[in-house]
Amino acid sequence: MEQYWSGSAVNENKGMVYNLQRYGIITSRKVAEVMETMDRGLFVPGGLQPYVDSPMPIGYNVTISAPHMHATCLQLLEKNLQPGMHALDVGSGTGYLTACFALMVGPQGHAIGVEHIPELVSFSIENIKKSAAAQPLKDGSLSVHVGDGREGWPEFAPYDAIHVGAAAPEIPQPLIDQLKPGGRMVIPVGNLFQDLQVVDKNSDGSINIRTKTSVRYVPLTSREAQLRG
């Protein structure tokens, strides 16, 4: 797993974003702005170093992805996170990326997090309340739900953007079905060896899939399997 920097030099959110720009991970001004606004430190459990470029354990055999992975996913989805659009975050964990989506789609849009561990849903809602996404949560343009993300979240479908934060052995059909024509999904696919795949749905409903990079994510499974580890 690549790691672009470590140590205590990055002791604040702005420094983290600066490093992501310096290493060429963030080239979009909008993504830089959103990640500067959304303090990652509010989403990482106490005692950990939130601004180091590394995944962090958040309990329940789950991690929050490294900053460079969040930046990569935001950049891949940026055109599908315009104001008024609908975004789904599967395996929303700490709520960090769902909150970033909410800032991007704005009050007329919808950012939906789905997470199968109820304690993490509660944790994420508390995190969001302290963050720059507190207002969208209050207004209802951002919401986090307990559910099996492999089934998506039909209520606000179809989605312009779908992000999956855990690796599936194959792309779940309900997520393809809930992707809007013109929409894009970013999903890690594989078992031991995984690729971050970019799935674009064409206007006729057909899909194009390309591989972006090799990754390592926790598996997209049932709650029981997740807790067993």
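## Nonpolar cores

The largest nonpolar core of this predicted model holds 48 residues. A nonpolar core here is a set of buried Ala, Val, Leu, Ile, Met, Phe, Trp, Tyr and Cys residues joined through side-chain atoms within 4.5 Å; buried means under 20% relative accessible area, exposed over 50%, and partly exposed in between, with a 1.4 Å probe and protein chains only. Ile26, Met35, Leu74, Leu81, Tyr96, Phe101 and Ile128 have the most contacts inside this core. Helix H4 gives the most to it, with 8 residues. Another core, of 18 residues, lies apart from it and includes Ile112, Val114, Ala168 and Val189.

The model is predicted, so local features need pLDDT of at least 70 and side-chain atom pairs count only at pLDDT 80 or more, while totals for chains, interfaces and linings use all residues. Residues are numbered from 1 along each chain as its sequence is written, and side-chain values use heavy atoms, with hydrogens and water left out.

## Helix H4

Helices (H or I, at least four residues) and strands (E, at least two) are DSSP runs, numbered from the N terminus.

## Packing of H1 and H2

H1 (residues 13-22) and H2 (residues 29-37) pack at about 155°, with their axes 8 Å apart. Axes are lines fitted to C-alpha atoms, for helices over the stretch in contact, and angles run from 0 to 180 degrees between N-to-C directions. The two helices are therefore roughly antiparallel, a term for angles over 145 degrees.

On the H1 side, the contact (heavy atoms within 4.5 Å) is made by Asn13, Lys14, Met16, Val17, Leu20 and Gln21, and on the H2 side by Ala32, Met35 and Glu36. Not counting residues up to four places away in sequence, Met35 touches Asn13, Met16, Val17, Leu20, Ile26, Pro67, Ala71, Leu74 and Tyr96.

## Backbone features in loops

Tyr60 has a positive phi of about 60° although it is not a glycine. Tyr60 lies in the loop between strand E1 (56-59) and strand E2 (62-64), and is partly exposed at 34% relative accessible area. Asn61, in that loop between E1 and E2, also has a positive phi of about 60° and is partly exposed at 43%.

The peptide bond from Ala157 to Pro158 is cis, with omega near 0°. Pro158 sits in the loop between strand E5 (142-146) and strand E6 (159-164).

Conventions
Parallel < 35°, antiparallel > 145°, perpendicular 65-115°, else oblique.
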